[in-house]
Amino acid sequence: MFLNHIVLSAILATALATPLAQPLGEPATGHTLEKRITHYGIATFYEQNGAAGSCGQVHAESDSIIALSPSWQGGGYPPRYCGRKIEITNDGGGQNNNGQGKVVVATVADTCPGCDENHLDLSHGAFMALTGGALDPPGQFNIEWHFCNVNGQC
């Protein structure tokens, strides 16, 4: 009985001392993905022209997709956040921006090589949903955004 207690104590001590693995879907860099961490940046739009994005899929211009910056996507294939959903809110700015306060949920499907960390390049569908139907102007506007949970809940 005493030996069983010692063995059980050793197993429990080992389990408690073992570091937990990094959760799936979390970045290896210093980025934070918690659902309600809000990022502030700008939104622009791009043409896909029937080409596959860096995540390997072709999308219609009307689909709600996002190209994230390389600082989020990383350098591997497939890029780190392919398929991840992001909730974006139009914070105003730009000319004739009739969509301030509008919100859209879009899916990461590409990488934007010229974007800085909090600049999201949007498909026509996502951009127009946020601007009340206009592409240019405004051409770009201010946004706040956050990652949705891994299961897609925003």
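Which residue takes a positive phi just after α3? G132 does, with a phi of about 75°. The legends below refer to a predicted model, in which local features need pLDDT of at least 70 and side-chain atom pairs count only at pLDDT 80 or more, while totals for chains, interfaces and linings use all residues. Residues are numbered from 1 along each chain as its sequence is written, and side-chain values use heavy atoms, with hydrogens and water left out.

**Figure 1. Overall arrangement and confidence of the protein chain.**
The secondary structure comprises 3 helices and 6 strands, where helices (H or I, at least four residues) and strands (E, at least two) are DSSP runs numbered from the N terminus. Along the sequence these elements follow the pattern α-β-β-α-β-β-β-α-β. The chain has an average pLDDT of 81, and 77% of the residues score at least 70; pLDDT is the predictor's confidence in each residue, from 0 to 100. Over residues 1-30 the pLDDT is below 50, and this stretch has 11 contacts in the model beyond near neighbours in sequence. Contact means heavy atoms within 4.5 Å. Where pLDDT is low, the predicted coordinates should not be read in detail. Among contacts between residues at least 6 apart in sequence, 73% join residues at least 24 apart. Of the 154 residues of the protein chain, 37% count as buried; buried means under 20% relative accessible area, exposed over 50%, and partly exposed in between (1.4 Å probe, protein chains only).

**Figure 2. The largest nonpolar core and the surroundings of W145.**
A nonpolar core is a set of buried Ala, Val, Leu, Ile, Met, Phe, Trp, Tyr and Cys residues joined through side-chain atoms within 4.5 Å. The largest one has 19 residues, and those with the most contacts inside it are I66, L68, I86, I88, L120, L122 and W145. At least two core residues come from each of β2 (65-68), β3 (85-92), β4 (103-111), β5 (120-122), α3 (124-131) and β6 (141-147). The greatest contribution is that of β6, with 4 residues. Leaving aside neighbours within four places in sequence, W145 is in contact with I37, T38, H39, L68, W72, I86, E87, I88, E117, N118 and L120. Another core, of 6 residues, lies apart from the largest one and has I65, A67, A109 and C115 among its members.

**Figure 3. Helix α3 and its cover.**
Of the 8 residues of α3, 6 are buried, so the helix is largely enclosed by the rest of the structure. The buried residues are H124, G125, A126, F127, L130 and T131. Their cover includes β1 (39-45), β2, β3, β4, β5 and β6. T131, a residue of α3, is buried, with a relative accessible area of 0%. Not counting residues up to four places away in sequence, T131 touches N90, N97, N98, G99, P138 and F141.

S123 lies in the loop between β5 and α3 and is buried, with a relative accessible area of 0%. Its side chain reaches the backbone oxygen of D63 at 2.3 Å. Beyond neighbours within four places in sequence, the residues in contact with S123 are Y46, Q48, E61, D63, S64 and I65. The C-alpha atoms of S123 and S62 are separated by 7.0 Å, although these residues are 61 residues apart along the chain.

**Figure 4. The disulfide between C55 and C82.**
A disulfide is identified here as a pair of cysteine sulfur atoms within 2.5 Å. C55 is joined to C82 with an S to S distance of 1.9 Å. The torsion about this S-S bond is about -85°, so the disulfide is left-handed. C55 lies in the loop between β1 and β2 and C82 in the loop between α2 (70-73) and β3, so the pair ties together parts that are 27 residues apart in sequence. C55 is buried, with a relative accessible area of 14%, whereas C82 is partly exposed at 27%.

C148 is joined to C154 with an S to S distance of 1.7 Å, and their link is right-handed, with 80° about the S-S bond. C148 counts as buried at 0% relative accessibility, and C154 as partly exposed at 22%.

Note on methods
A polar contact is a pair of N or O atoms within 3.5 Å; within protein, one must be able to donate a hydrogen and the other to accept it, and residues adjacent in sequence count only if both atoms are side-chain atoms.
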